[in-house]
Amino acid sequence: MNISPSFIRSTLGLILHTEKTPCNNALAQRRSKSYRQSMRSCVEATHLAYTSGLLTALRIPRSRKAPKSRDITKQVDPDQVALLVKKEWQLSYVTPFYQFRHTQLKSYSKQLSAFIVSEKQQGLAIEVGQELGFKVNFSVVLGLAETDKDAETVFIQILSKQAFAAKDDAQKVVWSGWLTCVNGDLDYLRSLPLEFVSLPLFCTRGPESLTVLVKSWFEKTFDCCFGPLGINSTNLQWLASLWTGCHPTINIQYLKLVWTLPTLPPMDVTYTVHPQDAWELWDSMRQVDTTEDSISIDEVTGFIKGLQSHFFRHFRIDLSAGSLMQISTALGSSHHSGKIKIASPNYIPTILQLLTECALLKMPI
């Protein structure tokens, strides 16, 4: 199938690519002997998860369910859904929480608020201006869990008032974050001891200094460990395919992909495809023996190779030699550095399931 070049807008730009090295924010943490042993035994096993007396293999999926449009507001409070969509979130993974209780969220709100104030009084910069104090709200987002083993999503907000604000001015949200698990690996979740709760995907939005403090409090309180969660090229290809497959149901408006090529200096290539052409190419890749409810990795790979081949015919630039760094449609966007934006609530479960898989596979334990 030929995609008309009139539907493709491609721009090439030379940029110097620099990688941001995350700061080592590790603070002194209490760690049990079993925790330290499990860390040492599993740190080299990227796709193995350690639980008490059991080593569980987490396999990279070769197929996924095709996304289905679903009005998520029928099972999740619309006001809570609005807090999650149309915002860009930075992703992290986190190991299971020890003795975490959803019934204690009010207490956790007070504890985290006191912790932030205490750390600020010790001279740690908060980078959100001169505040009079912090208020933390923990809440449960009911309805996102897809199985009885998925823990309910927890949403966190930090509010503050500027020092020069009027007396009657309300506190404003200065930081938001949420912990979730959607369709987590059942074998892994069943293998966890009862004292542990797994909410492996952590999404944050706000000053990095507050994110550091929130993570520090969780680590000290629940004996867990956080780490950065990037989205590799394969998973970006999955997202591009999943979103493109939604076009007959909801107009994706465009498919934009950004590759970085290993030239000197590195070259970024932005490739924008008309949505109908993208969908026709995707539809042509659907295998005869594949059910409508399933998408295989071979179909995803064929779709991306088709886009790359078309680009090469017109510009003689081999995108397969580079790395896919970013994809975006009207339904959402994602970046290899671990940034995600979900623009449509209709496909939240599909995207969160993929990100939950990424978080579980990334964990050292």
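A search of the whole structure, which is a predicted model, finds 22 aromatic pairs. In one of them, the ring centres of Phe100 and Phe222 lie 5.2 Å apart with the planes at 65°, and because an angle over 60 degrees counts as edge-to-face, the pair is edge-to-face. This pair links distant parts of the chain, since Phe100 belongs to the loop between strand E6 (97-98) and helix H3 (105-121), whereas Phe222 belongs to helix H5 (residues 208-222), 122 residues apart. Both rings also take part in a cluster linked by ring pairs, whose members include Phe97, Tyr108, Phe138, Trp175 and Trp217. The accessibility of the two partners is set out below.

| Residue | Relative accessible area | State |
|---|---|---|
| Phe100 | 1% | buried |
| Phe222 | 2% | buried |

Another part of the model to examine is helix H6. Its 12 residues, 233-244, should span 16 Å at 1.5 Å a residue, and the end C-alpha atoms are 16 Å apart, which agrees with that expectation. At the start of H6, a side-chain oxygen of Asn232 comes to within 3.2 Å of the backbone nitrogen of Thr234. Because 10 of the 12 residues of H6 are buried, the helix is largely enclosed by the rest of the structure; among these buried residues are Asn235, Leu236, Trp238, Leu242 and Trp243. Trp238 has a further contact with a charged residue, as the charged end of Arg64 sits over the ring of Trp238, 4.5 Å from the ring centre.

Methods
Residues are numbered from 1 along each chain as its sequence is written. This is a predicted model: local features need pLDDT of at least 70, side-chain atom pairs count only at pLDDT 80 or more; totals for chains, interfaces and linings use all residues. Side-chain values use heavy atoms; hydrogens and water are left out. Helices (H or I, at least four residues) and strands (E, at least two) are DSSP runs, numbered from the N terminus. The expected span of a helix is 1.5 Å times one less than its number of residues. Buried means under 20% relative accessible area, exposed over 50%, partly exposed in between (1.4 Å probe, protein chains only). A polar contact is a pair of N or O atoms within 3.5 Å; within protein, one must be able to donate a hydrogen and the other to accept it, and residues adjacent in sequence count only if both atoms are side-chain atoms. Rings of Phe, Tyr and Trp (its six-membered ring) pair if their centres lie within 6.5 Å; planes under 30 degrees apart count as stacked, over 60 as edge-to-face and the rest as tilted. A charge sits over a ring if NZ of Lys or CZ of Arg is within 6 Å of the ring centre and within 35 degrees of the ring normal.
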